[in-house]
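Morning, everyone. Let me put the model on the screen, and then we'll walk through it chain by chain.

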Amino acid sequence: MKPQKSVTLEHFAIFREVRQRDRESVSTAARTVADLYQELRRLHDLPLPIEALRVAINDEFAPWEYELQEGDRVAFIAPVAGG
Amino acid sequence: MFLISKEPIPTSQLARRLEDPAAGARSIFEGRVRNRADGREVTSLTYEAYEALAVKEGNRILAEARDRFDVLHVACVHRVGHLQIGECAVWVGVAAAHREAAFGACRYIVEELKNRVPIWKKETYAQGDPVWVRAISSEPAPT
């Protein structure tokens, strides 16, 4: 069995509404944050393809190949629309 | 200075902070809530920010503007929460010795902000459901 890691998802905007919460803890065997998103997208029918998103780890932008560490805070960033 | 504000943006007060005897030019941009979007009547907007990252990225943009343009002061404040038509959603102010740098830096900050800073806008319409702008996918999730 693959090792499981526990990470915290922080949700904003459309992800917060779809998940109906600001944050949640998940246990995952995903190696990279891209793997995690694909896993969650299938599980929860998340609205956006990975190509449309950016991702932040612990309040900083990260590449999708980032390898998840125990305790990371992960935020999926939908296309931004400030201004 | 890049700030996220839950309260109405104090535009006059911010403009005064750009005063500088060396500033021959001051360029201020105010993005305001418009009553139409893509032909639909908009009744209000809601902005939401990932504040910790938005402030970091916003301050990086201001630092880039200082590097690229010969400016004296740069500042930006973005509002979050529920806004009515006509309210100020984003304020950008630049003071410089000359107008080219003031215009250039002001525009740079606005454009980069719209592309990079994790802030999202939800439009509420006179008719139909509210929509998170730009967050529409044409394809369903894989099964």
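The cut-offs: buried is under 20% relative accessible area, exposed is over 50%, and partly exposed is in between, with a 1.4 Å probe and protein chains only. A:Q20 sits in the loop between α1 and β2 of chain A. Its phi is near 55 degrees, positive although the residue is not glycine.

Ground rules, quickly. This is a predicted model, where local features need pLDDT of at least 70, side-chain atom pairs count only at pLDDT 80 or more, and totals for chains, interfaces and linings use all residues. Residues are numbered from 1 along each chain as its sequence is written, chains are lettered from A and ligands numbered from 1 in the order in which they are written, and side-chain values use heavy atoms, with hydrogens and water left out.

Elements next. Helices (H or I, at least four residues) and strands (E, at least two) are DSSP runs, numbered from the N terminus. Two strands pair if DSSP finds at least two bridges between them.

Chain A, then. What is the strand order in its open sheet of five strands? The order is β2-β1-β5-β3-β4, with mixed pairing. β2 (23-28) and β4 (60-62) of chain A are the edge strands; each has a single partner, so one side of each has no neighbour in the sheet. Inside, β3 (residues 54-57) and β5 (residues 73-77) of chain A pair antiparallel over four bridges. A:I57 has A:V74 in β5(A) as its bridge partner.

A:D59 is in the loop between β3 and β4 of chain A. It counts as buried, because its relative accessibility is 15%.

Now the helix on that sheet. α2 (residues 33-44) of chain A lies across β1 (5-10), β2, β3 and β5 of chain A, at about 70 degrees to β5(A). Contact means heavy atoms within 4.5 Å. Axes are lines fitted to C-alpha atoms, for helices over the stretch in contact, and angles run from 0 to 180 degrees between N-to-C directions.

Which residues of α2(A) are buried? They are A:V33, A:A34, A:L36, A:Y37, A:L40 and A:R41. They cover an arc of only 155 degrees around the axis, so they lie on the same side of α2(A). That arc is taken from the directions from the helix axis to the C-beta atoms. Their cover includes β1, α1 (13-19), β2, β3 and β5 of chain A. Just after α2(A), A:D45 has a positive phi of about 55 degrees.

On to chain B. Its open sheet of four strands runs β1-β5-β7-β2, with mixed pairing. The edges are β1 (2-5) and β2 (25-32) of chain B, each with a single partner strand. β1(B) pairs with β5 (residues 71-79) of chain B in the parallel sense, over four bridges. There, B:I4 stands opposite B:H78. α2 (residues 51-68) of chain B lies across β1 and β5 of chain B, at about 145 degrees to β1(B).

Last item: cysteines. How many disulfides does the structure hold? Zero, over all chains. The cut-off is a pair of cysteine sulfur atoms within 2.5 Å. For B:C88, the closest cysteine sulfur is in B:C76, 9.6 Å away, so it is too far for a bond. B:C88 is buried, at 6% relative accessible area.
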